[in-house]
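Please look at the structure below before reading on. The paragraphs that follow go through its aromatic rings and then one of its sheets.

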Amino acid sequence: MQFHHHGYVSADPRVQDAAGLGIERSPELPDEMDVLIVGSGPAGMLLAAQMSQFPHVSTRIIERREGRLVLGQADGIQPRSVETFQAFGFAERIVAEAYNIGWMNFWGPNPEKPAEIIRTARTEDYGLKISEFPHLIVNQARVLDYFAEAAVHGPGRIAPDYGIEFVDLTVHDDGEYPVEVQVRYVAGDRAGEERTVRAKYVVGCDGARSGVRRSIGRTHVGAMAAHAWGVMDVLVNTDFPDWRTKCAINAEAGNILHIPREGGYLSRVYVDLGEVPEDDNRTVRHTPLEAVIQKANDILHPYTLDVKEVAWHSVYEVGHRVTDGFDDSEPGDDRAPRVFLTGDACHTHSAKAGQGMNVSMQDGFNLGWKLGYVLTGRSPETLLSTYSEERHPVAQQLIDFDREWSTLMARKPEEISDPTELATFYLGTAEFPSGFMTQYGDSMIVAADSAQQLAAGFPLGKRFKSVEVTRVCDGNAVHLGHHARADGRWRVYAFADRSGEALASWAKAFTETVGRFTPADADIDAIFDVKAIYQQRYDEFEITAVPELFLPKTGPLELTDWEKVYAAAPSAWVASDIFAERELSRDGVVVVVRPDQYVAAVLPLTDPEGLAAFFAGALLPA
């Protein structure tokens with residue numbers, strides 16, 4: 001990480017200097033604010049951490065609970081989420097405490113003794129097979145802790161206002177703060193008190209029973225599946241040999257999805273409770289814990305579970321529902337949306353594919369920088385309409401995938417013709433649950449694919465897939481994409497031509513574009529973080545010979561940033577060549593990446609005017 005550019009830092013460099021409204025942040029929820037976030041779940045806390053990078057935007061987050069979440073229900077962390085954690089600066093720490101899913105084993109009935117189960121397959125997990133990021137298990141509460149730390153340590157110093165619940169809202173047609181919100185204090189000396197506050201924008205991150213969704217008239221579309229599962233986090237003694245390996249277990253008595261958890265002892269067990277009659281009226285949700293434990297033992301036969309402690313348990317019916325819209329706007333509406341929905345407030349599904357928390361966080365990541373750009377005058381308000389346009393299709397894809405996965409998980413032995421089918425599906429669809437299949441379509445922030453052939457390995461609308469390169473200033477091997485932080489900046493990767501002459505011409509032209517959209521009193525790289533990647537080895541040219549655009553002077557001391565120039569040719573520490581790995585044109589190419597890490601544009605080095613035109617559609621002049 002980089003620091004000291006604003007002067008010597010002797011304390012934790014992860015704690016950024018307070019700025020803007022973060023310098024004297026009021027402990028009291030104000031009467032008026034730019035953004036009100038309702039709910040401190042995964043989407044809400046990521047959104048708060050992102051908005052903390054826009055300290056001149058007044059952002060508050062309210063939460064009904066009296067304090068931090070103690071025990072979260074979600075626990076699966078997909079590789080794309082770990083990549084996101086890396087951008088927020090805490091991936092290494094959370095990986096150290098998490099359970100890393102290296103394998104997934106499959107069990108089925110013993111053909112010779114059908115009442116007993118045997119292992120039918122061992123499969124390597126997909127995590128590190130498709131990216132440099134692992135597939136993890138860690139308590140949702142810890143994920144929220146890390147995002148809370150990022151939010152309060154960011155320049156905006158954002159922290160949840162606990163003990164305040166959302167009651168209702170009304171969107172008015174005019175006024176600087178058109179969203180009128182009723183809230184109620186539910187804890188402390190003010191418990192029971194109601195008040196009205198106003199906001200420019202409200203984001204509902206308040207779960208499946210979202211009050212914000214109800215207030216704007218949005219409804220869930222879909223149905224509950226007639227199948228129930230018991231889930232429990234348990235500390236046990238057992239003779240089951242794969243207790244510390246993720247397993248899908250299919251038996252005559254039912255099915256189990258078993259997931260070891262962090263810490264070396266805790267495990268989560270999803271237990272199949274069977275079909276639910278139409279006239280059940282949710283009676284199944286009152287299934288006693290003892291019955292769930294007994295069912296688990298029946299399924300695991302001839303192995304047994306001796307449950308010593310249950311940290312948490314629940315019973316639920318599988319539901320697959322997506323909300324009819326992710327904001328309060330309607331087709332043909334002249335005004336931009338004012339209220340947004342994220343996470344479970346707009347999509348619900350089973351927990352067994354490990355998607356809920358992961359997709360919710362990407363909702364928040366998609367929306368956060370857009371709110372920041374509009375509220376700081378960097379982008380037109382039309383940018384906000386792209387949130388629903390981009391995230392609604394992703395949610396529908398998630399529902400379709402989860403429906404197929406949960407149906408396969410719930411089959412009876414006699415319905416399975418191929419015992420390896422579940423394992424094949426698990427590995428064959430790995431890119432989707434890992435979070436890497438998302439691809440946004442053409443819009444004001446995703447250009448047309450007229451030059452895609454110049455960078456085939458960086459598909460437009462998909463997340464920027466990093467490759468190791470050599471940092472020229474010190475010869476160290478680094479992942480090109482890992483330098484990018486969730487600081488709200490656009491990334492512009494300029495891959496040089498063989499001689500570097502076209503790159504030099506492009507840099508001169510793009511400098512004018514940078515000046516057009518960057519505030520005069522800001523660092524030259526405040527909006528655009530521009531990197532150069534040369535085809536040569538790092539020791540085959542002098543870094544001081546590169547264009548000034550790639551050696552910007554930043555901070556009040558105007559110190560040179562040496563870490564924007566990279567070399568692609570293999571070296572002592574880097575075996576790959578990013579030009580070959582990502583099918584990049586040897587004549588040079590420019591790859592533009594959005595603040596949320598998705599590829600926005602691919603253009604030849606010879607077309608700086610095209611790049612300027614793209615940004616003119618996404619940004620406003622400074």
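**Aromatic rings and a sheet**

Searching the whole structure, which is a predicted model, gives 29 aromatic pairs. A pair of aromatic rings is described by two things, the distance of the centres and the angle of the planes.

Take Phe90 and Phe147 as one case. Their ring centres are 5.0 Å apart and their planes stand at 90°; planes over 60 degrees apart count as edge-to-face, so this pair is edge-to-face. Where in the chain do Phe90 and Phe147 lie? Phe90 is in the loop between α2 (79-88) and α3 (91-97), while Phe147 belongs to helix α5 (residues 140-153). The two are 57 residues apart, and the pair thus links distant parts of the chain. Phe90 and Phe147 are both buried.

A second pair is made by Phe614 and Phe615. Here the centres of the rings are 5.4 Å apart and the planes are at 65°, so this pair is edge-to-face too. Are Phe614 and Phe615 buried or exposed? Buried means under 20% relative accessible area. Phe614 has a relative accessibility of 11% and therefore counts as buried. Phe615, with a relative accessible area of 0%, is buried as well.

Phe614 and Phe615 also belong to one aromatic cluster, whose members include Phe54, Trp369, Tyr373, Trp490 and Trp506. One of these members, Tyr373, has a charged residue over its ring: Arg378 lies over the face of Tyr373, at 4.9 Å from the ring centre.

From Phe106 to Val469 is 363 residues in sequence and 38 Å in space, C-alpha to C-alpha.

Now turn to the sheet. Seven strands form an open sheet with mixed pairing, and their order is β20-β19-β25-β22-β21-β26-β27. Which strands stand at the edges? They are β20 (477-479) and β27 (599-603); each has a single partner strand, so one side of each is left without a neighbour in the sheet. From one strand to the next, the twist averages 30°.

At one end of this order, β26 (residues 589-593) and β27 run antiparallel and are joined by four bridges. Val591 stands opposite Val602 in β27.

Conventions:
Residues numbered from 1 in each chain as written. Predicted model: local features only at pLDDT ≥ 70, side-chain atom pairs only at ≥ 80, totals over all residues. Heavy atoms only, no water. Pairing = 2+ DSSP bridges. Axes fitted to C-alpha atoms, helices over the stretch in contact; angles between N-to-C directions. Phe/Tyr/Trp six-rings, centres within 6.5 Å; stacked < 30°, edge-to-face > 60°. Buried < 20%, exposed > 50% of the residue type's maximum accessible area, 1.4 Å probe, protein only. Lys NZ or Arg CZ within 6 Å of the ring centre and 35° of its normal.
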